[in-house]
Amino acid sequence: MKKRVSLLCIFFVLSLFWQVPQKVQAAEYPYLLEVNLTQNVVVVYVKDESGEYTVPKRIFLCSVGGATPVGTFRTSDKYTWRPLFGNVYGQYATRITGHILFHSIPYLKMYDKGSMEYTEYGKLGTSVSMGCVRLTAADAKWIYDNCPSGTTVRIVRSDAPLPLTLQQPPYLDTTDTKRRGWDPTDPDPANPWHEVQQTPNFRLDDISVKSGETMFDIQGLYQEGSYFLCVNDAKKIFQTIEKKLPLPTVLGIVPHQQGSIQIKEKTKIFDVAYIMQDGVPYYKLRDLSDMAETKITWNEEKQYISIFVQETEKKQKSWIEKLILYIKGTAQR
């Protein structure tokens with residue numbers, strides 16, 4: 001009887017140890033990370049209703065390298081600072097496999113956030129790393145904070161259209177010798193770039209718009225000679241000339257109050273500047289007019305904006321109309 005009890009105890013203890021790895025494997029991972037080597041982006045996926053990671057949630061610009069491996073991996077170790085090849089250091093590093101990590105732009109000094117290799121910041125989006133996946137400090141920290149060890153990382157090559165609109169990182173002024181050593185996206189309160197972001201030089205204005213014979217009023221943000229419009233007011237303007245622009249109504253969490261994103265219109269990709277106001281993106285009117293192939297002018301005397309289709313398009317329509325008339329005339333003979 002004692003032997004039987006002992007065997008049961010041993011079985012019970014072994015069963016507890018057996019359940020540990022099962023529970024670890026069954027742990028809930030909120031995200032799957034897909035690194036696209038062809039387009040230098042990281043797409044964050046969440047689960048759909050069937051439990052598969054098919055829903056794109058975020059997209060980050062990154063830099064990979066010739067040694068970045070293709071395959072499926074699981075993250076492991078995390079480091080707030082990590083030595084890298086070349087006597088440099090990375091913030092918010094997450095190990096993908098072997099010596100391949102997600103991490104920030106390299107820094108010249110460990111624990112010194114003002115020692116970033118600022119010339120490397122502008123290379124995001126190109127394949128220049130030694131194999132790791134470089135990100136802005138904000139994006140590397142997001143992965144560090146939100147993707148637990150064991151998160152699946154899928155590294156692929158693909159030139160298929162991206163599932164989300166890619167937002168370009170904030171511009172880094174490399175001539176600003178006092179600030180250029182800091183990543184503009186670093187959320188650290190000591191980041192000197194935050195002082196610039198907290199004092200935006202724009203105002204909200206009422207704008208009168210004339211399109212053809214139609215006159216109406218909208219509101220826009222005015223900054224240094226340019227107007228920025230929210231999506232609804234942009235639609236109101238361009239629908240008068242039968243133009244539809246694929247403008248995102250939300251940009252998710254953005255580290256800066258203003259920047260630029262890339263928007264695809266037909267076969268072209270346009271850089272469109274934006275300003276965030278109370279969580280709402282306002283897009284630069286000049287950039288929108290380029291997308292819509294329209295021309296805008298300011299009537300100084302009557303203080304309104306005129307918007308109309310560019311002459312090239314008018315000529316094209318006129319040519320088409322002449323062709324239609326010619327065909328109709330031929331048919332009537």
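Select aspartate 77 to start: this residue is partly exposed, with a relative accessible area of 38% (buried means under 20%, exposed over 50%, partly exposed in between, with a 1.4 Å probe and protein chains only). The model is predicted, so local features need pLDDT of at least 70 and side-chain atom pairs count only at pLDDT 80 or more, while totals for chains, interfaces and linings use all residues. Residues are numbered from 1 along each chain as its sequence is written, and side-chain values use heavy atoms, leaving out hydrogens and water.

Aspartate 77 and arginine 95 form a salt bridge, with their closest N and O atoms 3.1 Å apart (a side-chain nitrogen of Lys or Arg within 4 Å of a carboxyl oxygen of Asp or Glu). Aspartate 77 lies in the loop between strands S4 (71-74) and S5 (78-84), and arginine 95 in strand S6 (residues 88-97), so the pair ties together parts 18 residues apart in sequence. Strands here are DSSP runs of E, at least two residues, numbered from the N terminus.

Next, select arginine 154 and glutamate 34, a salt bridge with the closest N and O atoms 3.0 Å apart. This pair links strand S9 (residues 152-156) to strand S1 (residues 32-36), 120 residues apart. Arginine 154 is partly exposed at 28%, whereas glutamate 34 is buried at 14%.

Move to arginine 179 and aspartate 176, whose closest N and O atoms are 2.8 Å apart in another salt bridge. The whole structure has ten salt bridges.

Finish at cysteine 62, buried at 0%, and cysteine 147, buried at 1%. The disulfide count (cysteine sulfur atoms paired within 2.5 Å) is zero.

Terms used
Helix = DSSP H or I, 4+ residues; strand = E, 2+ residues; numbered from the N terminus.
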